[in-house]
Amino acid sequence: MTKKSTKRNLRIFVFLMFLLPLGAFAQTPNVYLCGTGTVKLTPTFTDYTPAANDKIIWSVDGTPQAPVIYATAADAIYNVPATLATGTHTYSVQVVPADANLCPSDASDNTVVEKLPPPAIAVNAPGSVYCTDQTATTVITASKDAGLTLPTGVSLVYTWSVTKGGVAVTDLTTVGASSGTNNELFTLKAGVTPEAYVFTAEGKYSVGSATIVPSTSCTATAFKAITVTVKPGKATIAVAP
């Protein structure tokens with residue numbers, strides 16, 4: 001390949017990079033927070049240990065915060081608040097030594113914290129009343145609420161529970177089975193015992209191999225009440241004179 005064509009291809013590549021949306025350069029979160037979850041960010045400065053009267057300067061979402069005058073190790077730590085707004089947040093830190101003969105450090109690479117919104121889910125079925133011979137075609141579906149927007153890589157995984165006439169069904173296979181990528185489907189089995197049932201899904205955040213704080217995650221529940229009724233048997237006709 002000639003130098004001229006190489007330069008041309010490089011210019012095309014740079015041009016295409018500028019056409020990409022900003023989201024294409026989004027940074028992968030180091031940790032996810034949910035609910036009142038919070039974390040401590042503890043810096044380590046290469047080849048340097050902070051000394052008394054040094055300035056520790058954190059930047060949050062690109063904005064430098066007020067310098068902290070270093071006295072103890074705790075002064076270097078940044079406590080991410082439990083009230084952090086939903087969304088993506090970046091944190092970096094640098095140290096400015098009190099000794100004027102020493103150079104300030106460069107800012108660290110960003111640590112990315114993603115605060116997840118409160119989960120909200122919905123449970124739906126085609127109807128609320130079914131005959132015993134219809135139950136095998138009844139699929140109850142759990143899904144995130146229409147108003148809930150989740151970042152890429154985050155999903156909700158569902159766990160099902162059922163009550164029959166107000167009493168917990170301990171063996172779900174007696175009424176059906178769950179399926180789907182995130183366990184979002186629950187299909188009634190054929191011939192379910194006639195009764196009033198309540199199908200409840202609990203949605204819990206899944207972030208793959210990433211860390212979520214608190215580790216128990218946040219959960220949301222929703223339910224669908226369904227009544228299974230007896231289908232009258234086929235009639236026989238008696239003929240009398």
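Student: How do strand β3 and strand β5 pair, and over how many bridges?

Tutor: Strands are DSSP runs of E with at least two residues, helices are runs of H or I with at least four, and both are numbered from the N terminus. Two strands pair if DSSP finds at least two bridges between them. In this predicted model, β3 and β5 (residues 68–69) pair in the antiparallel sense over 2 bridges. One place to look is I56, whose bridge partner in β5 is V68.

Student: What should I know about the model before going on?

Tutor: Residues are numbered from 1 along each chain as its sequence is written, and side-chain values use heavy atoms, with hydrogens and water left out. Because this is a predicted model, local features need pLDDT of at least 70 and side-chain atom pairs count only at pLDDT 80 or more, while totals for chains, interfaces and linings use all residues.

Student: What is the average pLDDT of the chain?

Tutor: pLDDT is the predictor's confidence in each residue, from 0 to 100. The chain averages 90, and 89% of the residues score at least 70. Over residues 12–25, though, the pLDDT is below 50, and this stretch has 2 contacts (heavy atoms within 4.5 Å) beyond near neighbours in sequence. Where pLDDT is low, the predicted coordinates should not be read in detail.

Student: Back to β3. Which sense does its pairing with β4 take?

Tutor: β3 and β4 pair in the antiparallel sense over 2 bridges, and V60 stands opposite T63 in β4. The two strands form a hairpin with 2 residues between them, and D61 in the turn has a positive phi of about 55°. β3 is also joined to β7 by 6 bridges, again antiparallel, with K55 opposite V96.

Student: How many residues of β3 are buried?

Tutor: Buried means under 20% relative accessible area, exposed means over 50%, and partly exposed lies in between (1.4 Å probe, protein chains only). In β3 (residues 55–60), 5 of the 6 residues are buried.

Student: Is P64 buried or exposed?

Tutor: P64 lies in β4 (residues 63–64), and its relative accessibility is 56%, so P64 counts as exposed. Leaving aside neighbours within four places in sequence, P64 is in contact with I57, W58 and S59.

Student: Is H89 buried or exposed?

Tutor: H89 sits in β7 (residues 87–96) and is buried, because its relative accessible area is 10%. Its side chain makes a polar contact with the side chain of D61 (3.0 Å). A polar contact is a pair of N or O atoms within 3.5 Å; within protein, one must be able to donate a hydrogen and the other to accept it, and residues adjacent in sequence count only if both atoms are side-chain atoms.

Student: Which residues have the most contacts inside the largest nonpolar core?

Tutor: In soluble globular proteins, nonpolar side chains tend to be buried together. A nonpolar core is a set of buried Ala, Val, Leu, Ile, Met, Phe, Trp, Tyr and Cys residues joined through side-chain atoms within 4.5 Å. Here the largest has 32 residues, and those with the most contacts inside it are I140, W160, F186, F199 and Y205. A second, separate core of 17 residues includes V31, F45, I56 and L84.

Student: Which strands stand at the edges of the open sheet?

Tutor: The sheet has 5 strands in the order β10-β18-β16-β12-β13, with mixed pairing. β10 (129–131) and β13 (167–168) stand at the edges, each with a single partner strand, so one side of each has no neighbour in the sheet. β10 and β18 run parallel, joined by 3 bridges.
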